[in-house]
Amino acid sequence: DLDCELPRQCVSYETPKPKKKRPHSYCRIKGCGVNNVNTPRAKFHMVPSMPKPLKENATKKQYIKREEKIALRRETLDRIGRSRDDKGRYVVCDHHRFEYATKYRTLSWKNKDGSVETWSQGFKLFLPLPEGTKSTINIPTTRPSSGNARDRGVKRQLDEVNSQISASKSAESSTSPPSDSADWRMVTQQLAEKQSPHKGSNLKMNSSVAKAAGFQSEERPSPPAKTPGQCFFHSSVKDKSSTKSKASGKKQVKILVADRDPIVQLGMTNEEVQHRTGCKSEKYMLFQIFAICEGDIDLICKRYTSLTWYEEWFFFFEFMYGRTFTKWWSASKTYGPTVKHLMRVFRFKLALVRRARERWPKFVSFEEDIELRKPKWNAKYSERPGVEKMLVVMWDMTGIDAYKFSSAEDQRDTYSKYYAGNKFKGGIGTQLCGYGVTWELWTGHCSDSTYHEESGYLQEQEEFQKRYLVDGEIVRFCNVHDKGYRVRAANERHGNQLTAQPVFGKSDLRFKGRDTLFSASIASDRGGNERTVNVSKRSGYVKRGYQPGME
């Protein structure tokens, strides 16, 4: 019998294929595609349902509790982009930010004696951060901002380096990992830090550049902590929701800035925009914002208060223009946030303006100047056969008012005999195409000639003409001045620059006809520089001058 046994065979059993998991929980916030399949570790929270109707013998406390649940559901539906009267059942994932918000409702209750009691009841609600026109802190999108042109260029270089690293890894053996991968990763991170324009400032590196360089970044906010003993979406009744007025004794509801409608919105008339901000139209103001932030949407929408991004930018231009209000307390009364927070907004926007100004070129090149200027300048300056080409800049000085200092040394340094008062002086130049150049402020005691020699723009012009050659040749600057300057020798020392000034009379000699025409021509041309001075001092913030407390 043992011999009749069949030999043993190995039987292979095919493992059944796992069933494809179907998503059953979707985050209902618009723009979020998180579900239980593509993000298995995500937690979902049910939007509160609509409470049942009250019974006939319900108490006032039950009535307030029901209104609290209704307010919680409607506000949550509004925050996730749904209708406030929607009857569907929705869930929200924990990949979003949440906050406590206080909302007020006017409630009415009929007492047993037939009298009707009306009051304003406040509810403290736990809600997702708002999405819509009243706020720009929207939910994080799946596609981060690519930043400005420099950020995109750095990211392109890092992508090329990463592709070379991955190609070298695939070429080597899979059992022996490459030894220089860590060195290559360090090189890419050093390249990102060196090429990033935000180094040394309070601005963060662009998220796309940081991801390409291998820096660890927080892809989503940390999940909110659950309150013990309560549902995720919970609320509470505010006992002290109103204050009494001393004069009338009536209750007055305190409305927060975040709860009211925006003061200014997109779509304002051009007349109002020009009257309040100085910009000739709303489109022109938006163009300025886009140019200041270099197209970076994150910088445009960055906020420091509960105001919208448009309100903060409008406040900055309005306060800088200085026509509708000139005091901080009036700005706080108009827009709502405290003076401290408005100052923080103003300083941040002003830092962005200065950052953009420093990145723009100090002067325009010779080719750009020819293309942008009027044809009459080509016939007069360096566009004739046998005449040397030159870059013409008309320089002048302007003064900014300052108060009388208590220190004798500061008083002596800032006092100007020409203006007969305390001043800060700065250089302003204009090229023939209309490009304006403003330089840093010095104390008013300094003379125009000393400022011209030592302020630094002569050295900048010397480096500029050496860097931007035309047909392999240097195009020298021609500095146009009035008679108050004694700078011909200084201009020659810095790159042999030219000087154009009215003719100086020697002793009691009369001017010749040619000298008179030349001086009149210089004076006529320099009249265009006064327009640049006017534009530079058009801002009310600059026109008010240096005031006490600005140290």
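On a 1 Å grid over the protein atoms alone, a pocket is an open set of points where a 1.4 Å probe fits, with protein on both sides within 12 Å along at least five of seven lines, and its lining residues have an atom within 4 Å of a point. This is a predicted model, in which local features need pLDDT of at least 70 and side-chain atom pairs count only at pLDDT 80 or more, while totals for chains, interfaces and linings use all residues. Residues are numbered from 1 along each chain as its sequence is written, and side-chain values use heavy atoms, with hydrogens and water left out.

**Stop 1: the pocket**

Select Val353, Arg357, Thr438, Val535 and Ser536: of the 50 residues lining the largest pocket, these lie nearest its centre. Now colour the elements that give two or more residues to that lining, among them α8 (309–321), α10 (339–359), β11 (436–443) and α18 (527–536). Helices here are DSSP runs of H or I with at least four residues, strands are runs of E with at least two, and both are numbered from the N terminus. The volume comes to about 2800 Å³, taken as the space filled by probe spheres set on grid points joined across faces, edges and corners. Colour by class and you get 26 nonpolar, 15 polar and nine charged lining residues. For that count, Ala, Val, Leu, Ile, Met, Phe, Trp, Tyr, Cys and Pro are nonpolar, Asp, Glu, Lys and Arg are charged, and the others, Gly among them, are polar.

**Stop 2: the core**

Next, pick Met285, Tyr310, Trp313, Phe314, Phe315, Phe317 and Leu352, which touch the most other members of the 28-residue largest nonpolar core. Such a core is a set of buried Ala, Val, Leu, Ile, Met, Phe, Trp, Tyr and Cys residues joined through side-chain atoms within 4.5 Å. Buried means under 20% relative accessible area, exposed means over 50%, and partly exposed is in between (1.4 Å probe, protein chains only). Which helix gives this core its largest share? That is α8, with nine residues.

**Stop 3: rings**

There are 33 aromatic pairs to browse. Rings of Phe, Tyr and Trp (its six-membered ring) pair if their centres lie within 6.5 Å; planes under 30 degrees apart are stacked, over 60 edge-to-face, and the rest tilted. Zoom in on Phe319 and Tyr541: with centres 6.3 Å apart and planes at 50°, the pair is tilted. It bridges helices α8 and α19, 222 residues apart. Phe319 is buried at 1% relative accessible area, whereas Tyr541 is partly exposed at 26%.

Then select Trp439 and Tyr457, an edge-to-face pair with centres 5.8 Å apart and planes at 80°. Trp439 is in strand β11 and Tyr457 in helix α15, so the pair ties together parts 18 residues apart in sequence. Both are buried.

**Stop 4**

Most residues other than glycine have a negative phi. Select Glu294 in the loop between α6 and α7, though, and phi is positive, about 55°. Glu294 is partly exposed at 26%. Finish at Ala420, in the loop between β9 and β10, where phi is again positive, near 55°. At 57% relative accessibility, Ala420 counts as exposed.
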